[in-house]
Amino acid sequence: MKNSVIQPFTKAARSYAPLIESFHATVLHSEKDPLLLFNLMTYQDGLFLYIPPYTHLERPLQILHLVESSELLQASSRIHLVLGHEASITLLETSLHEGTHKTLHLSSLTCELAENAHLQHAYFDLSERKTHSVQGTFLRSSLKKASSLESTSLLQGPFHEHSQKIVLQGEDSSVKVQGAWGGDEEDQLRTTVCVDHKNMRCRSRMLFNGVVLGKAISIFEGTITIHEKASLSEAHEMNRNLILDEGSKAISTPNLIIHADDVKAQHGVTYGKLDQEALLYMRSRGISKEAAEKMLIRGFLQEVLQEAP
């Protein structure tokens, strides 16, 4: 990581103000998400990461968001990442909440990718189910010419809002956004993803699989916008849902907004239950019903998670 910069965000806000202010002006100036705006106003601290041009980190950079609550707690953190020309990095975020008191935890990752830069990113919520946490996680990213982003997320309850907005600013930039969630009891899980194609030959792929049981509710809203200058772009969006109980619910709204000619775009959503024939076959081989159901659910989610870095 020679010549790379890792600083507390509050210090970098002074030392690298032009880089941060430029991102605010181009990406965050029209931000409307109330939880993200609250995070940007109240964050206690965070990290500033600068990876210089032609730098390739061979090992993933891992960040742990650890929240231990013995009383009512509100915590906000922020990470800002700048990748130089032809730089590449793998960034792994893990969120772990411990304790039984109510917490509000908001975390944001904002990143700017220069030409031919490449970012692999994963976010995993591994919090204990007994926690009473309200979580908001946010990704905002801007990609220049021929840069690429791959982002994978894993969410669980009891309440989690996950929001991503990716702007493909430069020609030939690309993004692959994928995620999975599992909701039980009275969990509420919401995922919102917006991808803007701003230039020619941009590519985006969106795939999210979710499972809900008990009285859990999942909400997915995915929007891909292809602007006038973004001809020859490709966009694919899919959300698949398993609804396992009568009281559980999945709501999905995939959107395609196209203002350009000569593009390839498709979107879809599916709702279903576990494959009964597969269950019967596994039961006939001596596998218990509970174990068979867990295996099928794991396989359904693994379609997404196997591509995580």
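Guide: Arg14 is exposed, at a relative accessible area of 65%. Here exposed means over 50% relative accessible area, buried means under 20%, and partly exposed is in between, with a 1.4 Å probe and protein chains only. Keep in mind that this is a predicted model: local features need pLDDT of at least 70, side-chain atom pairs count only at pLDDT 80 or more, and totals for chains, interfaces and linings use all residues. Residues are numbered from 1 along each chain as its sequence is written, and side-chain values use heavy atoms, with hydrogens and water left out.

Arg14 sits in helix H1, residues 9-15. Helices are DSSP runs of H or I with at least four residues, strands are runs of E with at least two, and both are numbered from the N terminus. From Arg14 to Ala308 is 294 residues in sequence and 34 Å in space, C-alpha to C-alpha.

Now go inside, to strand S9. This strand covers residues 148-156 and includes Ser151. Ser151 has 2% relative accessibility, so it counts as buried. Contact means heavy atoms within 4.5 Å.

Residues up to four places away aside, Ser148 touches Leu113, Ala117, His118, Leu119, Leu143 and Ser174. Leu168 is 20 residues from Ser148 in sequence, and their C-alpha atoms are 9.0 Å apart.

Next, the cysteines. A disulfide is a covalent bond between the sulfur atoms of two cysteines. The criterion used here is a pair of cysteine sulfur atoms within 2.5 Å. By that criterion the structure has zero disulfides. Cys111 is in none, and its nearest cysteine sulfur, that of Cys194, is 15 Å away. Cys111 is buried, at 0% relative accessible area. Cys202 is buried as well, at 0% relative accessibility. The closest cysteine sulfur to that of Cys202 is in Cys111, and because they are 16 Å apart, they are too far for a bond.

Most residues other than glycine have a negative phi. Glu86 has a positive phi, near 60 degrees. Glu86 lies in the loop between strand S4 (73-83) and strand S5 (88-98). Its relative accessible area is 32%, so Glu86 is partly exposed. Arg201 also has a positive phi, near 60 degrees. The loop holding Arg201 runs between strand S12 (188-197) and strand S13 (203-212). Arg201 is partly exposed, at 31%.

Last, a helix pair. Two packed helices are described by the angle between their axes and the distance between the axes. Helix H4 (residues 276-284) and helix H5 (residues 289-305) have axes that come within 9 Å and cross at roughly 130 degrees. That angle makes H4 oblique to H5. Under 35 degrees counts as roughly parallel, over 145 as roughly antiparallel, 65 to 115 as roughly perpendicular, and the rest as oblique. Axes are lines fitted to C-alpha atoms, for helices over the stretch in contact, and angles run from 0 to 180 degrees between N-to-C directions.

On the H4 side, Ala278, Leu279, Met282 and Arg283 meet Lys289, Ala292, Glu293, Met295 and Leu296 of H5. The residues of this H4 and H5 contact divide into six nonpolar, no polar and three charged. Nonpolar covers Ala, Val, Leu, Ile, Met, Phe, Trp, Tyr, Cys and Pro; charged covers Asp, Glu, Lys and Arg; the others, Gly among them, are polar.
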